[in-house]
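Hi there,

Here is the structure I promised to pass on. Have a look at it first, and my notes follow below.

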Amino acid sequence: MAPSISSISPTSGTAGQTMTITGTGLGNLSTAKVNIGSKTVTPTAASSTSITLTIPSGCAGQANVSVNVSGVNSNSTAFFYVAAPTCTSVSPNTGPATPPGPIDVFGSGFATATGVVFSSAAGSATVTPTVLSDSHLTATPPAHTAPFTACTDSANVSVTATGGTSAPIGAPGQFTYYQLPTVTSVTPATGSASSPPTGVIVAGTCFVDVSAVTFTPVGGGTAVPAVSVTVTSPGTLTLDAPSGLTAGTTYDIQVTTTGGTSAAVAADQFAVTV
């Protein structure tokens, strides 16, 4: 009796997965071979009604599957190799230690995506994506809970789908976490409202990509932007006190970066005299 295939499972997938073929007259381990596309594979298990094998490597697209028993070929059925996804860019590609919302990930092969992996020196975590198309999905980066070893930490963004997991591509496919800046001292810590001091030195940590430095009344109030801010290192910046500060008021000097705004602390205070 000639071998006959009634079904294969899965009908699509990637190399390395296990395939099961069911049918009749499928022989045994000593007589059966499986043809997938141009490749011939020896089964890992075989009986007259069932064969299992490891799917060999193959190009994306259709490959016909047939069984040869002692030189006699069966009918063929189609198997589809699914291409591994690729990630080409992410946007935005920076954020604080606890990102506020989803980012956009662009690439290919996303239709069956089940996870997005963020992997950095601090560890890795997988989140569930929202698939918008085969080339576009969104995902919220997980919080950076491990201690920072520097002011930033870049995570490779990889997409997992039926075709496998996309390979890291470097900077275009990375999301960079920023540590929250801190202010540890202000020199001088006082100044006149009538003649605001220049060259005030603010010391702290993680003054990286500073977007704003403000004077905010202790306890709350309207923030006043600092003038002539110059970042000289990740731990130091200089500024000129702005005009319009109120005499008799103490202000928190706070620094804002991609990582957020430094917390108001006693060390960041600047007292305004007459």
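A word on naming before anything else: helices (H or I, at least four residues) and strands (E, at least two) are DSSP runs, numbered from the N terminus. Please keep in mind that this is a predicted model, in which local features need pLDDT of at least 70 and side-chain atom pairs count only at pLDDT 80 or more, while totals for chains, interfaces and linings use all residues. Residues are numbered from 1 along each chain as its sequence is written, and side-chain values use heavy atoms, with hydrogens and water left out.

Most residues other than glycine have a negative phi, and most peptide bonds are trans. Here are some exceptions.

Ser70, in the loop between strand E8 (61–69) and strand E9 (72–73), has a positive phi, near 50 degrees. Ser70 counts as exposed because its relative accessibility is 57%. Ser228 also has a positive phi, near 55 degrees, but this residue lies in a strand, E26 (residues 227–233). With 47% relative accessibility, Ser228 is classed as partly exposed.

Two prolines follow cis peptide bonds. The bond from Ser9 to Pro10 is cis, with omega near 0 degrees, and Pro10 sits in the loop between strand E1 (4–9) and strand E2 (12–13). The bond from Thr187 to Pro188 is cis as well, with omega near -5 degrees; Pro188 belongs to the loop between strand E21 (182–187) and strand E22 (190–192).

**Strand pairing**

Strands of a sheet pair through backbone hydrogen bonds, either parallel or antiparallel. I count two strands as paired if DSSP finds at least two bridges between them.

E1 and strand E3 (residues 18–24) run antiparallel and are joined by five bridges. Both belong to an open sheet of four strands, ordered E1-E3-E7-E6, with antiparallel pairing. E1 and strand E6 (45–46) are at the edges with a single partner strand each, so one side of each has no neighbour in the sheet.

Elsewhere, strand E16 (residues 130–133) and E17 run antiparallel, with three bridges between them. A hairpin connects E16 to E17 through two residues, and Thr130 faces Thr138 in E17.

Cys151 is in the loop between strand E17 (136–139) and strand E18 (152–161) and Cys206 in the loop between strand E23 (200–205) and strand E24 (212–217), so the link ties together parts that are 55 residues apart in sequence. The link of Cys151 and Cys206 is left-handed, with -90 degrees about the S-S bond. Cys206 is buried, at 6% relative accessibility.

For contacts, I mean heavy atoms within 4.5 Å. Ile103, in strand E13 (residues 103–108), is buried, with a relative accessible area of 2%. Not counting residues up to four places away in sequence, Ile103 touches several residues, including Val90, Phe118, Leu137, Thr138 and Phe175.

Ser262 lies in the loop between strand E29 (260–261) and strand E30 (269–273) and is buried, with a relative accessible area of 1%. Leaving aside neighbours within four places in sequence, its contacts include Leu180, Pro181, Ile253 and Val255.

**The largest pocket**

The search ran on a 1 Å grid over the protein atoms alone: a pocket is an open set of points where a 1.4 Å probe fits, with protein on both sides within 12 Å along at least five of seven lines, and lining residues have an atom within 4 Å of a point. Grid points are joined across faces, edges and corners, and a volume is the space filled by probe spheres set on the points.

The largest pocket has a volume of about 160 Å³. It is lined by 14 residues, and those closest to its centre are Ser120, Gly123, Ser124, Ala143 and His144. Strand E14 (115–120) and strand E15 (123–127) each supply at least two residues of the lining.

Best wishes

How values were computed. Buried means under 20% relative accessible area, exposed over 50%, partly exposed in between (1.4 Å probe, protein chains only). A disulfide is a pair of cysteine sulfur atoms within 2.5 Å.
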